[in-house]
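Me: Please give me a close look at a single part of the model shown here, the interface, and then set it in its surroundings.

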Amino acid sequence: MNFVLLFTMIVASIILVFAGMLVARLISPRTHNRQKGEAYECGIPTQGETWVHFRAGYYLFAILFLMFDIETVFLFPWATIVKELGMKALLGILFFLFILILGLAYAWRKKALEWK
Amino acid sequence: MLDFGTITTATDQYLHSVMPTQAALLLECILVALCAVLAYVMLAIVMIFMERKVCAAFQCRLGPMRVGVWGLLQVFADVFKMLIKEIISIDRSDKLLYNLAPYLVVMSSVLTFSCLPFAQGFQVLDFNIGVFFIMAASSFGVLGILLAGWSSNNKYSMIGAVRSGAQMISYELSIGLCILVIVVLSGTMQISELVEAQRDGWFIFKGHIPAFTAFIIYLIAGNAETNRAPFDLPEAESELTAGFHTEYSGMHFGFFYVAEFMNLFIVAGIASTLFLGGWAPLHIAGFGAFNAIMDYIPGSVWFLGKTFFVIWLLMWVRWTFPRMRIDQVVSLEWKYLLPIGLVNLLIMTICVVCGWTF
């Protein structure tokens, strides 16, 4: 039943946007000229390309994010059974977090966390 | 207390008694979708109105007063205005992705919204991996934002989208860690069980210091996740015009706007579910009469009251603090919130293992 509802909600959200756009397109005016079709850049003609290579600073954070996000995924199953495992869970997580914090400390040390 | 589940079960049985199984299922799905989408839109309208009034109050103004009594119809007028505005699309944009972006953003927030428990049994999606699903569903909203910025072929949008991506994925980690703290404390991921476990005391009291730290971190990270001031770099209006939705107009823009406000509601809703007890009333052990009186207040009132209280807190933050710089935003997350969150998780584990919780 849950998956039927999940599917229902996905379809409902698509229909919500689609219906809104449809109504808007039906009742809103539509004109076109060359100036209107240009990207907004404070009113002056667009200079240069937009789709260019981008700074690597963002890339480093994406890599770090990947590491820690996977870590959260691994921690969720552990978190549900902490009460049953007791001391074993604590020791396991100490080891796990030690390696992770080591990684974070390494990134910190290498100045990967600075925004340049 | 009223269990909303009895009403849905009764409706289900009635529908099955008057029509074949397939038709009943279809009708139920349509009913659920209709209710959820209507609630979604109406709450967005309430939120926009509240934002304006709260903002006005913080700036010693009155806010909207002209349309309707006390400006109550202002937002409806605005929505109608948005509907009749022209939808401009840029000549050199990537048309497919440009049109796809609002769908992704709205879908992510609708899916997360349908996980919120409004009252006992009054919840659309109740997976056994509930909070995990919430994280998964809310994290693909950033995809829509990145697509919107990229496909607009506008430098403001591009920079806004990439900033937003860097910020949202960073703060998602802290949100994940705060949710983990609560999962460690309760031992379940299902939302209804999480709320049920808070009947004799909310998690923020049961988990004392680590839970409270997690609550504060969650509020900060959640505020950053919704791209609101002081974390509104992705749409910093004085430098980036409107950020990733610069090139969107009319209803196209409207959906981003609605999704943004609903994300605020969702963040507050999850905060009140995980930390403040969701629809569970305030109970103090030993005060039988007090608890009995509190039980008379319906669960939905408790949930909405807590949620709007958290929303009000976040709005207070928004209208009080100036915008942060991007390097401050990044270092706040990676150098402060994330290490504190990890240590906090460890403290909570120690507390649970040693039985130092209430």
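Reply: Two residues are in contact if their C-beta atoms, placed from the backbone, lie within 7 Å. This is a predicted model, in which local features need pLDDT of at least 70 and side-chain atom pairs count only at pLDDT 80 or more, while totals for chains, interfaces and linings use all residues. Residues are numbered from 1 along each chain as its sequence is written, and chains are lettered from A and ligands numbered from 1 in the order in which they are written.

The contact between the chains takes 52 residues from chain A and 62 residues from chain B. By class, the touching side of chain A divides into 35 nonpolar residues, 10 polar and 7 charged, where Ala, Val, Leu, Ile, Met, Phe, Trp, Tyr, Cys and Pro are nonpolar, Asp, Glu, Lys and Arg charged, and the others, Gly among them, polar.

The chain that presents this side has 4 helices and 0 strands, and from the N terminus its elements run α-α-α-α. Its radius of gyration (over C-alpha atoms) is 25 Å, well over the 13 Å that the globule rule (2.2 Å times the number of residues to the power 0.38) gives for 116 residues, so chain A is more spread out than a compact globule. The C-alpha atoms of chain A fill a box of roughly 70 × 50 × 15 Å along the principal axes, and 16% of its 116 residues count as buried (20 or more other C-beta atoms within 10 Å; 12 or fewer is exposed, in between partly exposed).

The C-alpha atoms of chain B fill a box of roughly 65 × 60 × 40 Å along the principal axes, and 51% of the 358 residues count as buried. Among contacts in chain B between residues at least 6 apart in sequence, 78% join residues at least 24 apart.

Within chain B, the helix α4 (residues 95–113) and the helix α12 (residues 250–274) give an example of packing, with axes (lines fitted to C-alpha atoms over the stretch in contact, angles running from 0 to 180 degrees between N-to-C directions) that come within 9 Å and cross at roughly 25°. The helices α4(B) and α12(B) are therefore roughly parallel (under 35 degrees; over 145 is roughly antiparallel, 65 to 115 roughly perpendicular, the rest oblique). Among the residues that make this contact are V105(B), V106(B) and F113(B) of α4(B), together with F255(B), F256(B) and M262(B) of α12(B). By class, the contact of α4(B) with α12(B) has 9 nonpolar, 4 polar and no charged residues.

Elsewhere in chain B, R325(B) is placed in the loop between α14 (299–318) and α15 (326–354), and with 10 C-beta neighbours inside 10 Å this arginine counts as exposed. The C-alpha atoms of R325(B) and F231(B) are separated by 8.6 Å, although these residues are 94 residues apart along the chain.

Definitions and conventions. Helices (H or I, at least four residues) and strands (E, at least two) are DSSP runs, numbered from the N terminus.
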